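Here's a quick briefing to read with the model open in your viewer.

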Number of protein chains: 2
Amino acid sequence: MFESAEIGHFIDKETYDREAPALREALLEAQFELHQQKRASVIVLINGIEGAGKGETVKLLSEWMDPRLIEVRTFDSQTDEELAHPPAWRYWRQLPAKGRMGVFFGNWYSQMLQGRVHGLFKNAVLDQAITGAERLEKMLCNEGAVIFKFWFHLSKKQMKERLQTLKDDPLHSWRISPLDWQQSKTYDKFVRYGERAIRRTSRDYAPWNIVEGIDPYYRSLTVGKILLEGLQAALHTPKVAARPAGVPPLPDKQGELTLLDCLDLTRHLEKEDYQEQLITEQARLSGLMRDKRMRRHSLIAVFEGNDAAGKGGSIRRVAAALDPRQYIIVPIAAPSEDERAQPYLWRFWRHIPARGKFTIFDRSWYGRVLVERVEGFCTKADWMRAYGEINDFEEQLTAAGAIVVKFWLAIDKDTQLERFQEREEIPFKRFKITEEDWRNREKWDVYRSAVCDMVDRTSTEISPWTLVEANDKRWARVKVLRTINEALEAAFEKRDRQEKKRKKK
Amino acid sequence: MFESAEIGHFIDKETYDREAPALREALLEAQFELHQQKRASVIVLINGIEGAGKGETVKLLSEWMDPRLIEVRTFDSQTDEELAHPPAWRYWRQLPAKGRMGVFFGNWYSQMLQGRVHGLFKNAVLDQAITGAERLEKMLCNEGAVIFKFWFHLSKKQMKERLQTLKDDPLHSWRISPLDWQQSKTYDKFVRYGERAIRRTSRDYAPWNIVEGIDPYYRSLTVGKILLEGLQAALHTPKVAARPAGVPPLPDKQGELTLLDCLDLTRHLEKEDYQEQLITEQARLSGLMRDKRMRRHSLIAVFEGNDAAGKGGSIRRVAAALDPRQYIIVPIAAPSEDERAQPYLWRFWRHIPARGKFTIFDRSWYGRVLVERVEGFCTKADWMRAYGEINDFEEQLTAAGAIVVKFWLAIDKDTQLERFQEREEIPFKRFKITEEDWRNREKWDVYRSAVCDMVDRTSTEISPWTLVEANDKRWARVKVLRTINEALEAAFEKRDRQEKKRKKK
């Protein structure tokens, strides 16, 4: 795979001086068009062999293009805030907005390669990371990112010579590489695992570009041309054509027996039972959140449901059990301008809790496959791919110790009507009912199929949906609390078992 | 000051049960109106004696009001990201947006009181912190925040009894207070310094409320009523009337000799001199940024100037000297929706560099006293107070080790015309010239007075303005680089002298 990048490509100064100015001008023009269109963000991943000109190339790009629209991000050692969140969080918080360009030095590839070269894990884990990268990039591209992946290459001999020269260069020597490149073995391993990552993640939507790094003129013009072509293609491709054609239809669920039909909405609790059980479950939650095992987890609760199903009331009963310093409630409405300039999941990544903390989402990323699907706020391709993206997202959360519980609060149509009318009559509940609620009600059946598809496709072992019979508010509130408590206990017990196993070894 | 809060206020259960529901409903109503208006944010500061019901009150508020619109923030030990930024940064990043309520547990007051009680500093430093708090709050209020400051009080005897009771309460004992309240001296000191802070920061726009904490009914109703009255007042006061009346006019500078007239705009550099000096200054900057003393500082460069004065070109020459990983360029245009929901300076605090880093602002917070003043985007009261707010802001930056350099790039009217015309003719410069630039040009004289006022009022010893003669781009670029270098060297030398002094002792 690297053969072509070890044959000594070079460009003479004359050619470079002739070609560079026009290339530069074209790049600048493309960059500004990108900024004006604000349709795509550009992510440039910089990887490869030490001494192959990574830093120099990034510097050159900042000189050629308008540096005001470029953000160069380094991801060295993680800060303590980053360590308390899922690994991908540090990348999400640094994503460039649409119209801008982010250059990621030390990105997910360097992280996985360093880990593998240092022997922190074996190939199976490397492959998991590779698959994760592939999925992340696919999703980012679908959300309007243009990704350039550069691998700057040198043969081992070239590298050794280069490091010798660089040793005396103060511009270089002050930087500390996480790998010891002076060791011959380091090069071999890095190239071997690098090849593996490149092979598996070079895809049509985000191909790798291997650039021989020995000659600066060749390297610079090559990178510049790749960027220019990619930018121009992105600028001039109509948005719709970029979508995968021919998304197969989902089977129509209307008229069919669904999970929602199997709910026994007559379930209820008497006042006395309710009060007793509520207090019991609240005390249990309060205790679990103070359990020292909670320090290694975070808790994420997602509330979805029919309008007027009682999400707010349930959330209040959960919150009432806790110290307000432990949780935060994030109400999800229409995205803000800053949020619209980012991939769909960005606005949720912003609020993912640190270890030990609890975030309650009042509506969530499932808006994509509910309201956005039904109202046509996104294309069919967008919400169809969202099921997989959401599963990936939740897998990243749970892999980092998050406990994810998801509730669908279900009521029937008559109950909803009663509650709407009540809201219109009681003065301090007026704010809870709008024209939109009545409009949504007319689409009851369409929402219903969307809910069924959602549950079928995203109720997973790592993060199952809980359907809550919510005609009776008391029943619903107690069920919500109990479900959270059971999820916490299950997670704690699982960890205890793992600890025990580890100790036995 | 605390006498009234030690006399054993209490409310019987009957009264509480009678009054609480109506209070709660009214609070909920006010909260939703606040959310709908999106005109003000609410900041609630929680301070006072250990065991006086701070936590319980916050919990009650979350139950009474809609917790989805409340963010409870704790500021315990600083994270490493927070430690690398000026102290106020941690508060700015957690400010509630307009329409929302932030409850700050462990805010600037607790930080200063803990420091003083622990003996980390003496009264003079405490007073500096008090003045800082006063200014911050004044500014936040002017920017549309409503601030409630609560001091929950107990007499020493009451506290001792309370701590005895709480010791066995698992809900309380797991929390670790940074102060050892079991010590009698701690109480005395805390109350003494607390009184000092309260006395000096109780102001019409943000008064303190001292609440006796011993009886929960009294405490809850009192806090609820104060909040309700404050919220209602904020909701029903017309925006304009809230502004300080009668801002005196600034003396008219038109026709007068100003600093700008004293600039010798014929200053220039020959090409050869330029190339030599540019390279020298760039190498110097590159060296200084790699100096290990830079780890204790951050660098902030502000670029303002006439349209077409060459800000972009100067910035590129600065950037060219550096590794792109060391700096970030922040172009300032119209604020985004998220930014508009925050106080004016919030969007700049977002980009304040960590220690060791460099942020270049292409236009800046000075927009407030330039474009916003001239175009009437803010009231006269707003931009008049901005001079002081900006000086305070820059003082906070420099106090934390930031080196702040500010450039005004000045050209004359003829030179601007030439450059405008050139921009319209050269294809890849077209994007640089808009209708707005021509409109601004018509207001040349008004901008001119605004610039003079800005320099007069914000060129300070800690962060002086540098006026750059920019008719000749070469001269301007070299002067910019040299000024940054001199500022860095001066800061390093100052620190060396301080180190030496410290060692002598």
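Let's start with B:E469, which is buried, with a relative accessible area of 5%; it's below the 20% cut-off, so it gets that label. Keep in mind that this is a predicted model.

**Salt bridges in chain B**

- B:E469 pairs up with B:K479 through their side chains, in a salt bridge with an N to O distance of 3.1 Å.
- Because B:K479 sits in helix α20 (residues 473–504) of chain B and B:E469 in strand β10 (residues 465–469) of chain B, this pair ties together parts that are 10 residues apart in sequence.
- Another salt bridge links B:E71 and B:R100, and here the closest N and O atoms are 2.5 Å apart.
- B:E71 belongs to strand β2 (residues 70–74) of chain B, while B:R100 is in the loop between α4 (89–92) and β3 (101–105) of chain B, so the contact ties together parts that are 29 residues apart in sequence.
- Both partners, B:E71 and B:R100, are buried.

**Salt bridges in chain A, and the overall count**

- Searching the whole structure turns up 82 salt bridges over all chains.
- There's a salt-bridge network in chain A too: it links A:E143, A:R368, A:E372, A:D382, A:R385 and A:E389.
- A:E499 and A:R502 form a salt bridge as well, with their closest N and O atoms 3.3 Å apart.
- Why does about one helical turn separate A:E499 and A:R502? Because they're 3 residues apart in helix α20 of chain A.
- As for accessibility, A:E499 is partly exposed, with a relative accessible area of 25%, whereas A:R502 counts as exposed at 53%.

- Which residues gather in a patch of positive charge on the surface? They're A:K494, A:R497, A:K501 and A:K505.
- One of them, A:K501, is found in helix α20 (residues 473–504) of chain A.
- A:K501 has a relative accessible area of 62%; that is over the 50% cut-off, so A:K501 is called exposed.
- Is A:N485 buried or exposed? A:N485 lies in helix α20 of chain A and is buried, with a relative accessible area of 0%.
- The side chain of A:N485 makes a polar contact of 2.7 Å with the side chain of A:E281.

**Chain A as a whole**

- Chain A has 20 helices and 10 strands.
- Take the principal axes, and the C-alpha atoms of chain A fill a box of roughly 85 × 60 × 40 Å.
- Of the 505 residues in chain A, 55% are buried.

**A glycine in helix α6 of chain B**

- B:G132 is found in helix α6 (residues 123–142) of chain B.
- How many residues apart in sequence are B:G132 and B:W465? They're 333 residues apart along the chain, and 23 Å apart in space, C-alpha to C-alpha.

Terms used
Residues numbered from 1 in each chain as written. Chains lettered and ligands numbered in written order. Predicted model: local features only at pLDDT ≥ 70, side-chain atom pairs only at ≥ 80, totals over all residues. Heavy atoms only, no water. Patch = residues over 30% accessible without salt bridge, like charges linked within 9 Å, V, L, I, M, F, W, Y side chains within 5 Å. Areas by Shrake-Rupley, 256 points an atom, 1.4 Å probe, with all protein chains shown as cover. Salt bridge = Lys/Arg side-chain N within 4 Å of Asp/Glu carboxyl O. Lys, Arg positive; Asp, Glu negative; His and termini not counted. Charge placed at Lys NZ, Arg CZ, Asp CG, Glu CD. Helix = DSSP H or I, 4+ residues; strand = E, 2+ residues; numbered from the N terminus. Buried < 20%, exposed > 50% of the residue type's maximum accessible area, 1.4 Å probe, protein only. Polar contact = N/O pair within 3.5 Å; in protein donor to acceptor, adjacent residues only side chain to side chain.
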